[in-house]
Amino acid sequence: MKTLKDSNNLLRSPTESVVRSHCRICHGGCGVLVHVKEGKVVRIEGDPESPISRGTLCPKGIASIQLVYHPDRLLHPLKRKGARGKGKWERVSWEEAYQMLAAKMNGYKKQYGAESIVLGYGTGRDNESFIYRFANLLGTPNVLTAGHMCYGPRVATSIITCGNLPVCDYERNPQCIMVWGNNAILSNPDEYKGVYLSDALAKGAKLIVVDPRFTKLADRSNLWLQLRPGTDVALALGMIHVILEEKLYDKEFVQHWVHGWREFVERVEQYPPKRVAQITWVPEEKIREAARLFAATKPACIQWGVAIEQSINCVDNNRTLIALAAITGNLDVPGGMVFYVPPPTMSASQFGAHRLLPPEQRRKRLGGDVFRLADAFAILNPKFVWDAILHEKPYPVKMIFLISSNPVITRANASMVHEALEKVDFLAVSDFFLTPTAELADLVLPAATWLEMDYVAEFWKRHGYVLARKKVIQVGECKSDHEMLNELGRRMEQKDHWWPTVHEALNAILQPSRLTFEEFAEKGFLRGEMEYRKYLKKGFSTPTGKVELYSTRMKDLGYDPLPQFREPPESPVSRPDLLKDYPYILITGMRPTAFFHSEHRQIPWLRELLPEPYVEIHPETAEKEGIEEGDWVILESPRGRCFQRARLTLGIDPRVIGAQHAWWFPERESPEHGWREANINLLTDNDPATCDPAMGATNLRALLCRISPREGEKP
Amino acid sequence: MTQKLAMIIEKEACWGCNTCELACKQENNPPEGSRWIQVKTQGVQKVHGKLRLIYDPVRCLQCSRPPCKEACPVDAIQQRADGIVLIDSEACNGCKACMEACPFGVMQFNSEKGVVEKCHLCYHRIDRGERPACVDKCIGRCIYFGTLEELLTRLGDERFKANNPQE
């Protein structure tokens, strides 16, 4: 690692200094050189030494300057004045805010039990393990996250199937990359960033893209499989069918390292390419071609993303893709899908203090008896929280403390979410801005951004790194969520489990490396020492020590031990009765480059890139519905409606509509900020019957809808 | 003799991520609505029976005989020995004649200052020995910057011509 002095050629003036840090505008990790002058951030450059991003950046990372100094940022704690959601606030001190939070939590815990208090985060701002620690020490099993449908399922399914999350080993030159449901360049792949994929392709790796939309990745691909939304697992089983039929699998690996091969083969036999072509709309020949290319090119890996998880087939999508990598001999081999070795730090689950949650409290996790795989990984489905507020079943939830989360915009069935948050006894929110969710709160805390905190970043990720994030500036009275929880925890019964300062907590995380935070920050990052084919020495970390294509854990939990395709609960096949009124398949959650979920609409540079939400529609469909390019349209599902603008494209099937998610309009009148206008989650469903039976993943990627022009002016 | 500088963007390798635009915004701070480099696209097109999605980051090409310079009635546009075309914002009267003259539509009007601006390859960075702000942050690594000679050697004459219609 170079010292900062070597970066001096980038300096503007003698008064400018540079801090080497790691971005966290999205799920994070890109190396940055933050230029500071007279106590202000003046520029953010990519760090060419970064092992994660190799000097590159994205629009959001650069625009962090406009985030930290935004005039609308929350700068001190606020207490509600007058009725809830009326936009009237009173400034309070941090001490008053802590006392209020502690008193509320102690009161609810005493009267209704700790389980009546829910802590929550959205996709997480690298604060996850602090939030879990606080909740577990408080005694509540209820932490509301996106973990049931984002990343959590990949981790949970990988752990039960092959012991750990397999990640594309871009550094060792995969020769074939299959990108499945992931626009990994524009969005945020966890672990490695888009530049690794881009570089691998520039070096000549073959590319297979599985996506209902024609993305730039599809443009660059050798093969694009345009499948019917929600049928991924059928397509993967069809490819495996071809691999078995043509004996393209790694016989030695299968013989020694697969559990349940016979049962698995029997299951796969139910998915011949001909049947799969009918289910998925992908022509039989393309299924065969993709299977052959993936199986014959070594090493190969699968770059998977969140899209395959937001489905009733979530768990089976994941384990079938693991099966594809495993039977082709690509698990834990250089350039394949590997298990990175973490550097010596405390693990995120240790820090999360899961063992300190009493078993009788763990058994009270909302929906834990329904979504039993999620429950085993301390994850719950949000619908159960809303029900517990609205109907007090199976017990009342009285308080929600949301730390970096905007569920009014980002959770399925937004109407229900809004109703529940209006009703809950006490709502506290820690965030950067007064979001439509924070507007409903009783207490709002001003959160620090990544430029305002020291942290051992990403010690929960599975890419074998921890990264130093360094405090560059202080804005208002903003505090990092880590510091806030440490200080709050010290004011409560759990005080002995926290540290005198948050710095000492960071030192505790680093203790196994024998480094202090300062020493670690000087190094910039730590990397675990990689070793391949670890299973040869110690097997796979599963009950049988093998890759469980027949899952003993799923069987124990009362689920089908083998993967299967379930027809999406609201599709032309499962609900032909709806087709007359809702003739199109709706995908939600197309990622733009400008925003991270519901964030960043108030940032001028980013909003300029995408001022309004759009929906992708095929020109033939648009013509049929009387819609022209740029028109405002009404999108409707059996549950609700919203408005977005039409963007005509040949890159989507005429039977499919692709909508963006997470839109609100910070510039519009408080407290609503137009949350009902373009919010696609007014259309999505959160009925547990439509969710993945094991993980509780919400189906956001295959619904039915109709689309029509919105007459008159823009809303 | 001063070497001519050039920037070439390999469109095929552009991912459409807009990072170059933000790098430019941060470096040159043009007002809202002014984009010195802008990633444009026609969207998904059918080309010879095949779907294609091409992004095209457009910006000033620093023409060798700049029509904007010829069109300027107050002689506010100058070309440096290294080929960079500069607009003197003190001299510019905001008449927009250069915007009319530019065949590529890359000149941007700064309504706050009442002057025309455009990409100048971050000449202030170049003069310090750095590269333009957009180059190194590009995920697709599709922005090439250097002397014309270097780039010609690196990319091949044909490819260079295809990307630089003004030559």
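How many bridges pair strand S24 (residues 632-637) of chain A with S27(A), and in which sense? Four bridges join them, in the antiparallel sense. The model is predicted: local features need pLDDT of at least 70, side-chain atom pairs count only at pLDDT 80 or more, and totals for chains, interfaces and linings use all residues. Residues are numbered from 1 along each chain as its sequence is written, and chains are lettered from A and ligands numbered from 1 in the order in which they are written.

## Strands around S27(A)

Helices (H or I, at least four residues) and strands (E, at least two) are DSSP runs, numbered from the N terminus. Two strands pair if DSSP finds at least two bridges between them. Glu636(A) stands opposite Arg706(A) in S27(A). Strand S22 (residues 584-588) of chain A also pairs with strand S27 (residues 703-709) of chain A, antiparallel, over three bridges. There, Tyr584(A) has Cys705(A) as its bridge partner.

## Domains

Chain A is assigned domain 1 (78-149 + 352-449 + 477-503), domain 2 (166-338) and domain 3 (576-709). These bounds come from an automatic or database domain assignment. Between the C-alpha centres of domain 1 and domain 2 of chain A there are 37 Å.

## Two open sheets

Strands of a sheet pair through backbone hydrogen bonds, either parallel or antiparallel. One open sheet of chain A has four strands in the order S11-S10-S9-S13, with parallel pairing. Strand S11 (223-225) and strand S13 (300-304) of chain A are the edge strands, each pairing on one side only. From one strand to the next, the twist averages 15 degrees. Strand S9 (residues 176-180) of chain A pairs with S13(A) over five bridges, in the parallel sense. Met178(A) has Ile302(A) of S13(A) as its bridge partner. Helix H12 (residues 284-296) of chain A packs on this sheet and touches S9, strand S10 (206-210), S11 and S13 of chain A. The direction of H12 makes about 130 degrees with that of S11(A). Axes are lines fitted to C-alpha atoms, for helices over the stretch in contact, and angles run from 0 to 180 degrees between N-to-C directions.

The other open sheet has three strands, ordered S18-S19-S20 (chain A), with antiparallel pairing. Strand S18 (455-457) and strand S20 (525-527) of chain A each have a single partner strand, so one side of each is left without a neighbour in the sheet. Neighbouring strands here are turned by 20 degrees against each other on average, direction ignored. S18(A) and strand S19 (residues 465-469) of chain A run antiparallel, joined by three bridges. Ala457(A) stands opposite Leu467(A) in S19(A).

## Two helix pairs

Two packed helices are described by the angle between their axes and the distance between the axes.

| Helix pair | Axis distance | Crossing angle |
|---|---|---|
| H17 (382-390) and H19 (414-423) of chain A | within 9 Å | roughly 45 degrees |
| H8 (232-245) and H13 (314-327) of chain A | within 9 Å | roughly 20 degrees |

H8(A) is therefore roughly parallel to H13(A). H17(A) and H19(A) are oblique to each other. The cut-offs: angles under 35 degrees count as roughly parallel, over 145 as roughly antiparallel, 65 to 115 as roughly perpendicular and the rest as oblique.

H17(A) passes H19(A) in a left-handed crossing. In such a crossing the near helix is turned anticlockwise from the far one by less than a right angle; clockwise would be right-handed. H17(A) contributes Trp386(A), Ile389(A) and Leu390(A) to the contact. H19(A) brings Met416(A), Val417(A), Glu419(A), Ala420(A) and Lys423(A). Residues are in contact if their C-beta atoms, placed from the backbone, lie within 7 Å. By class, this contact holds six nonpolar, no polar and two charged residues. Ala, Val, Leu, Ile, Met, Phe, Trp, Tyr, Cys and Pro count as nonpolar, Asp, Glu, Lys and Arg as charged, and the others, Gly among them, as polar.

H8(A) likewise passes H13(A) in a left-handed crossing. The H8(A) residues in that contact include Leu237(A) and Ile240(A), and those of H13(A) include Leu321(A) and Leu324(A). The contact divides into 10 nonpolar, two polar and two charged residues.

## Loops

The Lys298(A) to Pro299(A) peptide bond is cis, with omega near -10 degrees. Pro299(A) sits in the loop between H12 and S13 of chain A. A cis bond also runs from Lys393(A) to Pro394(A), with omega near -5 degrees. Pro394(A) is in the loop between H17 and strand S15 (399-403) of chain A.

## Chains A and B

In the interface, 25 residues of chain B are in contact with 29 residues of chain A. H1(B) gives the most to the chain B side, with six residues.

Definitions and conventions. Contact = placed C-beta atoms within 7 Å.
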